[in-house]
Amino acid sequence: MTMYAITGASGQLGRLVIETLLKSVPAGQIIAAVRNPAKAQDLAALGVVVREADYDRPETLPAALNGVKKLLLISSTEISGRTTQHRAVIDAARAAGVSLLAYTSMLHADTSPAQLAIEHRQTEEAIAASGLPAVILRNGWYMENHLMALPAVLEHGAFIGAAKEGRFSSATRRDYAEAAARVLKTDDHVGKIYELAADEAFTLADLAATVSKHAARTIVYNDLSEDGYARALEDAGLPAPFATLLADADVAASQGALFDDSHTLSRLIGHPTTPLDTVITTAL
């Protein structure tokens with residue numbers, strides 16, 4: 001019997017991976033490895049095994065991974081210090097003898113100029129050094145990232161950013177979750193690196209035009225300087241370090257870092273990625 005474990009399972013991506021796995025895997029073979037088990041009681045109610053797994057408390061990890069054969073390491077949401085957290089999981093996975101470690105990295109992590117890519121590169125290097133059988137899932141930008149500000153966009157009639165004409169191959173969390181579940185469930189993925197991105201790419205001006213079409217009102221895109229965008233994000237309530245990283249990511253996007261037209265994601269999940277029009281219609 002194969003036991004599957006998903007770290008960060010109480011988060012948005014982790015829950016979607018488990019939801020997908022439950023379609024073909026008995027709940028008792030799925031382990032939700034979470035920092036706070038109290039936040040995963042809904043998963044426990046489905047029969048999923050909930051275990052404490054705190055990235056910052058490595059002593060919790062051996063028990064969390066006991067008996068696990070296939071592990072999805074969902075990258076931490078910490079702004080910095082993620083590499084240390086990830087290494088703790090990698091070490092525990094090696095000690096547990098997992099037969100597959102899948103890691104959610106960042107699109108083109110090996111070449112991306114984005115600051116966000118640094119810790120992903122370091123984690124990929126740590127996985128390679130560990131000798132674990134592994135597969136790297138380099139997820140592109142999440143479509144939901146663009147839509148977090150949708151209420152303010154509709155109120156003020158504008159998206160803001162610093163990406164110029166850079167194209168985003170952003171896909172939905174559900175598409176990425178389906179890819180992760182597929183990799184866990186099927187064979188022949190060890191040693192592979194998947195650049196995962198949507199079939200359809202768009203600029204932020206295209207995004208504004210699509211929202212305009214479906215909202216039946218004019219939405220524009222206002223391109224700012226990197227510093228100006230970071231300040232705007234801070235004014236909106238984001239912590240300064242996070243605002244700086246997001247502004248830097250937009251600049252990286254202007255250099256092509258968040259674009260990919262390989263269609264690897266749709267081939268992996270066996271169907272087209274969710275179209276932008278569908279995403280916007282649903283969000284509205």
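**Legends to the predicted model**

Residues 24 or more positions apart make up 75% of the contacts in the protein with a separation of 6 or more, a contact being heavy atoms within 4.5 Å. The model is predicted: local features need pLDDT of at least 70, side-chain atom pairs count only at pLDDT 80 or more, and totals for chains, interfaces and linings use all residues. Residues are numbered from 1 along each chain as its sequence is written, and side-chain values use heavy atoms, without hydrogens and water.

**View 1. The fold has 13 helices and nine strands.** Helices (H or I, at least four residues) and strands (E, at least two) are DSSP runs, numbered from the N terminus. Along the principal axes, the C-alpha atoms occupy a box of roughly 55 × 35 × 35 Å.

**View 2. Of the 284 residues of the protein, 52% are buried.** Buried means under 20% relative accessible area, exposed over 50%, and partly exposed in between (1.4 Å probe, protein chains only).

**View 3. Val190 lies in the loop between α8 (173–185) and β8 (193–196).** Val190 counts as exposed because its relative accessibility is 51%. Leaving aside residues up to four places away in sequence, Val190 touches Leu100, Pro133 and Ala134. Leu101 is 89 residues from Val190 along the chain, and the C-alpha atoms of the two are 8.5 Å apart.

**View 4. The side chains include 24 positive and 33 negative ones.** Lys and Arg count as positive and Asp and Glu as negative, while His and the chain ends are not counted. The centres of the two sets lie 7 Å apart, with each charge placed at NZ of Lys, CZ of Arg, CG of Asp or CD of Glu.
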